[in-house]
Amino acid sequence: MKTVKWLFPILVLSLFFSINAGAANIKIGYVGLLDAMHKSKEGQATLERLQAEAQEREGEVSKKRDELIGLRTEIEEKSSIWNQETRANKIKNFQVKEEELMRFAKRHTEEFNKKTQMSEGRIEEELRGVVTSVAKNKGYPHIFD
């Protein structure tokens, strides 16, 4: 029983030292892919292009929103002098345009997000290829983001 009592700590210590000796030879690398993506020339060009496109889309949405605000203002100011039919038609027209604006903004947002994801995904894949190549040449078996 005394032998078993001492055998376990010796086994644990020998295992600990053998793991540490093997771990000294392992290289591990860290790469900030998102940071590298935004600092690369292609990443910056893509970001600028996407920002310009976002501003253009926001301008289109803003223009339609301004039209809708003008229509609402007209309804609020003149609804008391319009007959029931004219007022109902104006309100219905306003509701239709409001729904169109919501669909338009949603579609633009979805398209923009899809383009952004595709662009970032493409750049990320290129960066992963570069990182893998450099890691292989430098002897790093593990690279973490």
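**Charged pairs and surface**

Tutor: E58 and R65 form a salt bridge whose closest N and O atoms are 3.4 Å apart. A salt bridge here is a side-chain nitrogen of Lys or Arg within 4 Å of a carboxyl oxygen of Asp or Glu. The model is predicted, so local features need pLDDT of at least 70 and side-chain atom pairs count only at pLDDT 80 or more, while totals for chains, interfaces and linings use all residues. Residues are numbered from 1 along each chain as its sequence is written, and side-chain values use heavy atoms, with hydrogens and water left out.

Student: How many salt bridges does a search of the whole structure find?

Tutor: Side chains of opposite charge can pair when their charged atoms come close. The search of the whole structure finds 9 salt bridges. In one of them, the side chains of E53 and K115 meet at 3.1 Å, N to O. Because E53 lies in helix 3 (residues 41-78) and K115 in helix 4 (residues 84-138), this pair ties together parts that are 62 residues apart in sequence. Helices are DSSP runs of H or I of at least four residues, strands are runs of E of at least two, and both are numbered from the N terminus.

Student: Is E53 buried or exposed?

Tutor: Buried means under 20% relative accessible area, exposed over 50%, and partly exposed in between, with a 1.4 Å probe and protein chains only. E53 counts as buried because its relative accessibility is 15%. K115, at 38%, counts as partly exposed.

Student: Which residues do salt bridges with shared partners join into one network?

Tutor: E111 forms a salt bridge with R107, at 4.0 Å between the closest N and O atoms. Both lie in helix 4, 4 residues apart, about one turn of the helix. Salt bridges that share partners join E53, R57, R107, E111 and K115 into one network.

Student: Which charged end sits over the ring of F104?

Tutor: A charge sits over a ring if NZ of Lys or CZ of Arg is within 6 Å of the ring centre and within 35 degrees of the ring normal. The charged end of K64 sits over the ring of F104, 4.9 Å from its centre.

Student: What is the overall pattern along the sequence?

Tutor: The protein has 4 helices and 2 strands, following the pattern α-β-α-α-α-β. Of its 145 residues, 17% count as buried.
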